[in-house]
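Colleague: Could you walk me through this one? I'd like to know what stands behind each label.

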Amino acid sequence: MGFDLLIKNARICDGSGGPSFTGSVAVRDGRIVAVGDVSGDAAEAIDAQGLVLAPGFIDPHTHYDAQLVWDGLAQPALEHGVTTIVPGNCSLSLAPVRAAHRELLGATFRKIEEMPQNAFDAGLTWNWETFGEYIAAIRSQLGINIAPLVGHSLLRLWVMGEDARKRPATDAEIATMQEALAECLRDGAIGMSGSWVDIDHENMPVPARLAEPRELDALCATLGEHGAILQIVPEFWDPDLLCARIDIMADLSRKHDLTVTFSPLFDSNSSPDLVDIAHERVRLQTAFGARVVPQMQTRPIDLSFDLTAPMSTFATLPTWWATTLLPHEEKIAALRDPAHREKLRAEIENFMMPIGLHLDFADAFVKRPGKASADLAGRRLGDIAKERGCHLADAIIDIALADDLQTSFGLESLGHSRTDKIAHFLADPLIGIGAGDGGAHVTNFSTYGDTGFLFSHYVRGLGAMSVEHAVHKLTYDVARIWGIKDRGLLKPGYAADLVLFDPETIDRGPEIAVHDLPAPGFRFIRQAEGVREVFVNGQRAYHAETGYTDARNGAVVPQAA
Amino acid sequence: MLNNVTIPPRRAFIQPEFGDTFETLAKRLLPDEPLEEAVQKLTSWNLFLAFRPGGGGMTPSDLFFTEPPHAPMAMPGMD
């Protein structure tokens with residue numbers, strides 16, 4: 001019997017991290033059936049001379065939950081070679097949720113993951129309540145595999161209603177939450193996500209943070225019984241806090257035979273030894289049997305902001321935050337009001353970002369100017385304020401007002417930018433590559449292309465990692481950590497998730513604004529460079545010359561019962 | 001069995017009970033000290049709680065340090 005697909009003459013990086021070799025991969029019925037010196041008839045044969053053939057990349061930290069409802073390809077993840085994504089991180093999935101809590105969940109999700117409300121409202125059909133119904137709602141349109149998490153905050157809301165935001169759970173409620181979690185796991189969830197840091201749209205702790213330790217312990221018992229994983233967000237900016245959290249995660253891991261992954265592990269300029277200290281703590285706990293895996297992203301932190309909506313840039317500036325929340329006309333009036341401006345000026349002078357970011361608005365630049373500010377494109381706000389003889393806050397506001405608030409500003413390399421140091425940790429076997437946040441913060445920064453950046457910056461640029469090692473860290477290493485079966489390797493019997501790329505050119509493109517949301521507005525993305533073709537479960541999903549295909553055979557990983 | 005491993009914490013901590021405040025914790029953790037001084041001491045060890053943005057107060061999933069930060073360890077070769 002012939003093959004459906006035969007990719008020949010490729011440099012095969014099989015995901016194991018071992019030396020690459022020249023050979024072929026044959027596919028039939030969505031599975032890899034032969035690797036190496038393969039011959040035979042095939043419905044389609046591809047000569048991959050000069051290209052690397054690798055397993056599809058797995059992105060373990062995303063927030064595509066909403067986007068998947070209107071875009072089952074999770075664009076542009078696929079074109080970067082990502083064939084499996086993990087949505088539902090940070091205690092927030094979009095199911096299970098009762099109809100009565102959709103508004104509350106939506107407001108929380110939009111605030112934390114920075115999604116424009118109009119896109120969220122226009123794109124979501126909300127024709128589900130249970131986790132299984134959510135999976136059913138998106139499944140037929142999936143062009144990418146998903147390994148979804150269920151959010152702890154959602155489980156609390158499901159069981160406790162609005163009290164989830166106010167108090168610890170009773171014993172009976174904890175037991176009901178365990179049952180609900182087990183149902184989600186049976187319906188396709190790969191694990192549960194939590195958070196020890198996130199705050200909702202009213203600046204209150206997300207429901208997961210109201211849980212007493214015994215509640216998290218009970219839910220971890222359920223995860224352990226099902227061989228599922230816990231993802232959680234710790235206080236990632238402080239060594240003492242992070243080490244305490246690593247100890248708690250390690251105890252849960254040992255007690256329940258559970259893998260716990262936390263994100264992000266982030267190199268902070270304000271705490272330069274943090275990564276070393278956390279790594280040493282993880283190493284120690286690993287030596288004593290815990291499975292605690294930090295996730296580290298590849299890209300430095302860049303932010304964009306404007307005054308149209310609340311953004312994380314203003315999270316610790318209450319007057320700025322409140323101002324951006326106002327209806328448009330009221331906001332314009334407030335920004336023109338001298339007394340209000342005085343408050344905005346005072347706040348920005350005492351600004352401190354509490355999560356290890358060195359953020360100085362004077363270093364911000366005009367990123368996407370409107371017509372009235374076109375001549376300011378790329379210019380530093382500190383320089384503009386000096387030139388105009390005005391306060392920095394006035395420079396921001398006046399530029400924004402000149403174009404009816406449509407101008408956006410950028411801040412680059414705010415942290416996680418010491419790439420020599422980061423290279424060492426990205427290669428470390430105790431650390432997983434992830435935390436990229438794909439699908440979130442869409443008007444604030446681009447969360448796409450971290451895979452391309454790994455090859456362009458760390459493999460080609462710094463020479464810190466071989467192509468084989470980088471492929472391993474994006475494929476089998478993630479599958480191993482997350483317990484994803486039959487993916488991450490080029491091996492007979494494995495799913496035919498494949499990416500063909502040019503190792504000399506693979507990269508992330510420049511950050512651009514696109515208007516592909518289901519409502520007016522834009523989001524920042526990065527397109528792929530150097531990725532030739534992507535296959536999901538044996539079918540072509542993307543080709544560099546022809547773009548995305550109509551294939552919609554993404555799977556739920558693990559498959560729902 | 002490895003599930004009862006006890007590795008000394010980098011810095012001693014507890015997790016608050018629901019409804020705890022610096023005052024209730026001061027009474028519980030430092031019962032022999034004058035309340036105001038005890039609150040000040042605990043606050044200085046937990047500035048991240050005292051001054052963090054957002055509302056909601058202390059939550060039962062929070063960390064609460066019960067000792068001050070340790071001095072940075074001297075690096076070999078440093079005076």
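This is a predicted model: local features need pLDDT of at least 70, side-chain atom pairs count only at pLDDT 80 or more; totals for chains, interfaces and linings use all residues.

Colleague: What makes you speak of two domains in chain A?

Modeller: The bounds come from an automatic or database domain assignment. Domain 1 covers 57-301 + 414-483 + 490-545, and domain 2 covers 303-411.

Colleague: And how many residues does each domain put into the contact?

Modeller: Domain 1 of chain A gives 16 residues and domain 2 of chain A gives 14. On the domain 1 side, 8 are nonpolar, 6 polar and 2 charged.

Colleague: How do you know which residues of chain A and chain B are in contact?

Modeller: The C-beta atoms of a pair have to lie within 7 Å. By that rule, 28 residues of chain A are in contact with 22 residues of chain B. Helices α8 (239-256) and α9 (274-287) of chain A each supply at least two residues to chain A's side, and α8(A) gives the most, with 7 residues. By class, chain A's side has 15 nonpolar, 4 polar and 9 charged residues.

Colleague: Which residues of helix α1 of chain B are called buried?

Modeller: F22(B), L25(B) and A26(B), in the helix spanning residues 22-29. Each counts as buried because 20 or more other C-beta atoms lie within 10 Å of its own.

Colleague: Why are they said to be on the same side of α1(B)?

Modeller: Because they cover an arc of only 105 degrees around the axis. What covers them includes α2 (35-45) and β2 (64-65) of chain B.

Technical notes
Residues are numbered from 1 along each chain as its sequence is written. Chains are lettered from A and ligands numbered from 1 in the order in which they are written. Two residues are in contact if their C-beta atoms, placed from the backbone, lie within 7 Å. Helices (H or I, at least four residues) and strands (E, at least two) are DSSP runs, numbered from the N terminus. Ala, Val, Leu, Ile, Met, Phe, Trp, Tyr, Cys and Pro count as nonpolar, Asp, Glu, Lys and Arg as charged, and the others, Gly among them, as polar. A residue is buried if 20 or more other C-beta atoms lie within 10 Å of its own, exposed if 12 or fewer, and partly exposed in between; C-beta atoms are placed from the backbone. The arc is that of the directions from the helix axis to the C-beta atoms.
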